[in-house]
Amino acid sequence: MIDRRTVLASTFALAACDRFASAEPAPVAIPPLKSACPAPFGAAVKAYLLDDPDWVALARTQVSQLTPEWEMKMEYVLADGLKRPNFDRSDRIAAFAAANGMALHGHALIWYAQGEQAFAGLSGAAFDRAFDGYIASVAGRYRGRARGWDVVNEPILDDGSGLRDCHWSARYGHDGYILRAFEKAREADPEAVLFLNEYNQESIPAKGAQFLRLVERLLKAGCPLTGLGLQSHLWIDVEEGAIARLMGEVAGFGLPLHVSELDCTLRTDKRLDLRSQSERIARQTARVTELAAAFAALPEAQRYAFTVWGLRDTDSWYRQGEKDDGKDKPLPFDSFGRPNPMAAALVQGFGA
Ligand code: XIL
């Protein structure tokens with residue numbers, strides 16, 4: 001029985017969710033993104049979303065590939081230590097993808113930001129066994145199910161001046177840990193496309209240049225690197241043309257490219273930024289169209305997939321916890337699953 005209190009509560013909840021709706025543009029009609037995109041169209045997902053019927057319906061309509069946003073990372077898998085890896089949620093996501101005819105992209109095996117705690121106290125051969133064993137067990141578990149893996153995530157310093165120091169580089173050297181990770185991933189899964197995944201290549205020229213140099217060096221060293229990931233966490237002030245230029249340079253290696261984590265926050269770090277929401281959205285959609293068009297212009301064999309870092313604004317990592325300003329719109333769908341202008345910008349860029 002629905003009583004009056006429930007009706008009032010849900011009306012209030014709806015109004016609360018929608019408190020910025022009047023400032024928002026009207027929803028736009030679009031074809032499903034998975035049919036507009038000239039490659040698999042992916043989305044990041046956390047396992048709790050599989051229990052949200054609205055998310056499931058939206059994903060089934062729009063998406064043909066999934067990337068676990070968090071639960072396939074070392075931080076989650078090794079939360080209880082090296083001896084007790086936990087695959088419950090990544091298995092659930094993999095099963096959901098298979099049951100719904102969606103591909104699976106593995107994210108991420110080795111990342112400077114994770115694993116320090118689980119590996120603390122290990123040195124020498126014990127460290128090597130744990131490093132190699134982790135990659136073997138995770139990539140091996142999803143062999144034949146994950147079509148690709150982000151083998152190494154974000155190795156480059158934010159200012160592009162070099163590679164990050166981390167617990168992995170301390171043992172194997174800056175290029176050394178990357179080479180070792182790729183070799184172990186290749187042993188664990190001979191078929192998967194193996195990616196180096198990085199962000200801000202388009203917006204920080206020194207970082208883009210460092211990425212190109214690193215890829216060149218790795219390939220020269222015989223690294224089984226077979227895919228390049230452009231995370232594409234964009235912001236609205238990325239210079240016009242920079243996204244397409246960078247993609248052209250990266251495509252020069254001839255490897256498959258993955259737009260692996262697209263979102264575009266409307267926030268800026270300028271202290272006094274008086275631009276209206278609609279001005280910000282206009283800048284956002286222009287950059288997103290540029291990205292989608294540059295991707296669509298790649299040769300078919302180089303279009304691995306195009307992935308958004310969440311479907312609905314409210315699912316975005318920008319909209320979690322205290323940092324949530326309640327009005328950022330970094331993703332293609334609004335909190336009700338209705339297409340945002342960003343969705344139309346994608347369709348336009350794909351040329352669909
Ligand atoms: C973020 C997730 O979105 C968050 O939910 C998580 O808490 C931290 O990681 N680059 C990456 C992603 O490669 O793994 C990050 O994802 C976003 C930046």
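Author: Contact here means heavy atoms within 4.5 Å. With that cut-off, the buried residues of helix H3 pack against helix H2 (33-36), strand S1 (41-45), strand S2 (65-68) and helix H5 (88-99). The model is predicted.

Which residues of H3 are buried? Helix H3 runs over residues 53-62, and its buried residues are Trp55, Val56, Leu58, Ala59 and Gln62. They cover an arc of only 165° around the axis, so they sit on the same side of H3. Pro53 and Asp54 are on the other side of H3, and both are exposed.

Next, the setting. The UniProt annotation "domain: GH10", from an unreviewed entry, covers residues 27-349. That span is 40% helix and 17% strand. Its end C-alpha atoms lie 18 Å apart.

Then the ligand. The residues around the ligand include Lys46, Glu69, Lys73, His107 and Trp111. Also among them are Asn153, Glu154, Gln231, His233, Glu261, Trp309 and Trp317. A polar side-chain atom of lysine 46 lies 3.0 Å from a ligand oxygen. For histidine 107, a side-chain N or O atom is 2.7 Å from an oxygen atom of the ligand. For glutamine 231, the corresponding distance is 3.2 Å. Taken alone, the ligand exposes 410 Å², and the protein buries 82% of that.

Two loop residues remain. Arginine 319 lies in the loop between S9 and helix H13 (341-350). Is arginine 319 buried or exposed? Its relative accessible area is 12%, so arginine 319 is buried; the cut-off for buried is under 20%. The side chain of arginine 319 reaches the backbone oxygen of glycine 326 at 3.3 Å. Leaving out residues up to four places away in sequence, arginine 319 touches several residues, among them Asp313, Thr314, Asp324 and Asp325. Gly326, Lys327 and Asp328 are also among its contacts.

Alanine 301 is in the loop between helix H12 (277-296) and strand S9 (303-308). Alanine 301 counts as exposed because its relative accessibility is 71%. Between alanine 301 and glutamate 249 there is a separation of 52 residues in sequence. In space, their C-alpha atoms are 16 Å apart.

Methods:
Residues are numbered from 1 along each chain as its sequence is written. This is a predicted model: local features need pLDDT of at least 70, side-chain atom pairs count only at pLDDT 80 or more; totals for chains, interfaces and linings use all residues. Side-chain values use heavy atoms; hydrogens and water are left out. Helices (H or I, at least four residues) and strands (E, at least two) are DSSP runs, numbered from the N terminus. Buried means under 20% relative accessible area, exposed over 50%, partly exposed in between (1.4 Å probe, protein chains only). A polar contact is a pair of N or O atoms within 3.5 Å; within protein, one must be able to donate a hydrogen and the other to accept it, and residues adjacent in sequence count only if both atoms are side-chain atoms. The arc is that of the directions from the helix axis to the C-beta atoms. UniProt positions are given in the numbering used here, feature names are shortened, and annotations may be inferred rather than shown by experiment. A residue is near a molecule or strand if one of its heavy atoms lies within 4 Å of it. Accessible areas come from the Shrake-Rupley method with a 1.4 Å probe; for residues, only the protein chains shown count as cover.
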